[in-house]
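This report describes a two-chain model. Please have the sequence and the coordinates open while reading.

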Amino acid sequence: MRGAHVTFCILVLSSYGRAQTPVAPTTPDPVGPSRGDNWSGYNIVNSFETGDRFLSVSGNEDKYRSDENFGSGVRLFNSFFSMDSKNGHGKLFDQLVVTTNGLGGDPYQSVNLKVDKNKLYRYDFSWRKNDYFNPGLTTDGGAGQNLLNTTFTMQDHNLTLLPQSWIRFTLGYSRSSQSGAGLSAVQLYNVSGPDDATGNAFPVFTNVKRLQNDFRVGGEVHWLGFTLNWLRGWQNFKDDTPLQFSGSETGIGTPAGSGLLNSFQQAQANHGTSPYWQVGLFRDAHWINVNGRFTYTGGVRAFISNETAFGTNQFGALANQQIITAGDARRPVATGNLNVTILPTPKLTIASRTSVYNVRTEGNSAYLQYDNATQSTDLLYFQFLGIRTVATDLDAHYQVRSWLDVHGGYGYSNRQIGASPQFAFAGSTSGAPYLQTNTENSGIFGFRIRPLKGLTVMGDGEIGRASNPFTPKSDQNYHTISARIQYKLRNLQLNAQTKTDYNLNSVTLSSYSSHSRTYSGSADWSYKSWLTLNGTVSKLHLDTLGGIAFFAGPEFLPNQLSYYVSNLYSGTFSGRISMKRVDLFVGYSLIQDVGDGRNSATSTVVGPDLTAFQTAQTFPLKFQSPSARVSVRINERIRWNLGYQYFGYHESFFAGQNYLAHTGYTSLLWSF
Amino acid sequence: MENRYHARASQRIGLYVVQAFAFFSIALAVARGADPPKTGYVGSNPCKTCHADVWFKFYKNPHFKSIAIGKEEPANTGCEGCHGPAEAHIKAHGGKATIIAFSQLAAKPTLDACLRCHSNSLNRANIRSSQHTLNSVSCTNCHSIHKSSTPKFLLAKSQPELCYGCHITQRAQFSMPFKHRVNEGFMKCSDCHNPHGANAPTWRMAGRPSMINQASGNEEACLGCHIDKRGPFAFEHPPVRVEGCEMCHYPHGSTNSRLLRRPVVFTICLECHNGAGTFGRTKTGIPTLSAAHNMTDPRYQNCTNCHVRIHGSNSDPLFLR
């Protein structure tokens, strides 16, 4: 029996270590007695991995923080604790499981808790924290000004009462927050209101403060084979992020750099609630499955902001400016779904899905601008955006032979959009309402063959036509073709797949086409449970051709082309050897975009003869990360681990973002 | 006028769903689930003799609950609850032909067996028509009932390794320089996807569901975490609501630090803002840039430098504040 447990542990081990990043924590390497310890009717299993992480970065550390963000210091890398009632009749609970990850300073931290008592309750809790750093990177020194150095924190509580009963109740609470420092920008000294392009943009500091609370209550009733599910929720949101600046800052605008900002303050409050509810009624029987759902989500945000700025405007005059905006926005969303699956024979499945959804976005914003040149602007805006979509599709899957399945289907979608842009409701001239309808028809087909035991070959395709796409990049005349081969034989698994996705969206003045092709392969192999090897390779190709129009200096260039090419190769490899006391892991990950094959930023390419566009049409880079780890079993309850991981990022056309990072850790994994 | 039209449409949606459901309810009222055999049950105790390794740790298995209750019908509890009556199996001294062995079952009977108990959850209401089921991916492809390596949901492997086993391209996407932190353990695939099937999305053209969870019942999964992007805003950037976040972003990973579909900002904006065709909410083409935007100047190549509220604004139709 003990041998069986060792085998089980090794099986668990063999499934780990292939996601590549990060090299720490070491778990789920087992430590402690495999059977756990017994105490007062419970079986207890626990383990902790604690140690020190180190980091050395050369190059652009901000970019490293944006990509990986692992730092230095002592961490509780990972922990696991479980208590299981051995007879299923624990006093307060039958099972309690706690897991943690990255506590003590890692950028990605989490705690999960699960407690349940048979027939009485089940409680799930999760807490996550993410240190998010984004320097607003742009290419070629474009001075990205929207920097964020914030922390996301999220927690979820879900309590189910009477989880195995014919009627059960659920209570839930979620809390999400984002806080921290940031750098943003504000447009000032506009002459005639917010849509006037004469102003200058200035960088300003911000202190991000966002919070959302979500309360849920619901239940489920099973009766006569049907299940009725209902959920009522309330989301309360508030954003009280202020902006401020004091000093002397030159603006971005026209004429370039002529404005000056000496002081700026903006206080704002954006608060609101989004009540929602959902009702579902469904039944699964032997030959038919049917479910219907109706949801409604409201949404109201009330906002007000007050900002003052002092400085010199773009015309050289001293300027102080005050802007007050206030109003509210509303967006109710209603949906209905009806899904029916019929299995008239064991070989035939017919699935039908119909959905309707309706969205209305409306609101008003009063914008008042005062300045010291006696100008006063008072604008009232109202904007409406409504979307109504009806979609249905019907698929049939048929098993022709035991080794051959075929399927086909048809889909239809109809979407109506109504818009009243900048409709002024306070006595001003109304904006014209616009209505448009897009109809999309699509068909799918495919087959699945199993010519040999363990071997499956699949092919799928879809073709679709849309009558009135919303943007030049939306689906209009598209088709996809994909194929996959999968082979499984005991400890060996091989996969290969390819997919093409083409879309052509052509209009009179401009055309857009997108060609995406992906090719992937993977192999997993384990030998006698102590050697595991895994490798994957992928090529992701994308080329898009779109019509663009822009100003180059004073000249308007209306019929230009933007041709973007990406040829991205990816490879991962990992190997793991488990010996008597020592466990060794090595891994390697590579991402390389060779772009359109150019080795210099500027060249003769399809599109405008401007350096900025030529640089942006392809983006060759290389991102690689080798890693290695050794784990040594000191005794039954302690393992010692040592790991190293390297991150190398290199852009071919702009060296300012390149970095090299050496990370590693040493830790003890122990149980007590 | 549009307000009234859309308000009525909301009411009609509910009416259609109720009417259609009433029709199917009649058919379902006479439909019955797959009944298990009535005889041949011997209880779980004899199983311990040969399958001690399974029984030894079975008290940690969520399915142990049915045994602990002690009042369930034989067909709904213990080993026989899933594997069927064991009398013939014991008489034959084992063998996979004399009992329900899931390693020998095809996808559909496997699903039927699990749904006998697990069909009563809204999260699994669409499992029969999910892409996984229609492609013969059944419960035991992802769940390992007796050799699970995860503390919840009896998964055969932990996420994302489980999903990467088939979704190879997604592994490459999550290896990009900038990505959602799935490999780091901060997120899971199931934070955004429902592997048991989902309802049609409320963005793009709806159509076939791609197994994406919906935040707040009917909104894009991204908005569950990116709370500041949700709005509503007095001035919404229409493609965000009409086409969804994927219009501009790769959700898994990208070479751009904002997960944009292009390495730089301005090309992605210009590809739509070209004034061509009948695109956009006014059907007159999506507006081009004003003369103030000299694209030879790097300061104008980072559109979001100034258009800081690009997802939606309460103060400015041009998303400047």
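The model is predicted; local features need pLDDT of at least 70, side-chain atom pairs count only at pLDDT 80 or more, and totals for chains, interfaces and linings use all residues. Residues are numbered from 1 along each chain as its sequence is written, while chains are lettered from A and ligands numbered from 1 in the order in which they are written.

**Interface**

In the model, 186 residues of chain A are in contact with 133 residues of chain B (a contact means that the C-beta atoms of two residues, placed from the backbone, lie within 7 Å). Strand β18 (residues 348-371) of chain A gives the largest share of chain A's side, 14 residues; helices (H or I, at least four residues) and strands (E, at least two) are DSSP runs, numbered from the N terminus. That side of chain A holds 71 nonpolar, 89 polar and 26 charged residues, where Ala, Val, Leu, Ile, Met, Phe, Trp, Tyr, Cys and Pro count as nonpolar, Asp, Glu, Lys and Arg as charged, and the others, Gly among them, as polar.

**Nonpolar cores**

A nonpolar core is a set of buried Ala, Val, Leu, Ile, Met, Phe, Trp, Tyr and Cys residues joined through C-beta atoms within 7 Å. A residue is buried if 20 or more other C-beta atoms lie within 10 Å of its own, exposed if 12 or fewer, and partly exposed in between, with C-beta atoms placed from the backbone. The largest core has 40 residues, of which A:Tyr357, B:Val265, B:Phe266 and B:Cys269 touch the most other members. Elements giving two or more residues to this core include β18 of chain A and α13 (265-270) of chain B. Beyond four places in sequence, B:Phe266 is in contact with B:Met295, B:Gln301, B:Asn302 and B:Cys303. A second, separate core of 18 residues includes A:Val204, A:Leu243, A:Phe245 and B:Val308.

Chain B has 13 helices and 6 strands, and 50% of its 321 residues count as buried. B:Leu111 is found in helix α7 (residues 107-118) of chain B and is buried, because 23 other C-beta atoms lie within 10 Å. Apart from residues up to four places away in sequence, B:Leu111 touches B:Thr133, B:Ser138 and B:Cys139.

In chain A, A:Phe77 lies in strand β3 (residues 73-85) and counts as buried, with 27 C-beta neighbours inside 10 Å. Its contacts beyond four places in sequence include A:Ala24, A:Gly102 and A:Ser667.

| Pair | Sequence separation | C-alpha to C-alpha distance |
|---|---|---|
| B:Leu111 and B:Pro239 | 128 residues | 39 Å |
| A:Phe77 and A:Gln109 | 32 residues | 9.1 Å |
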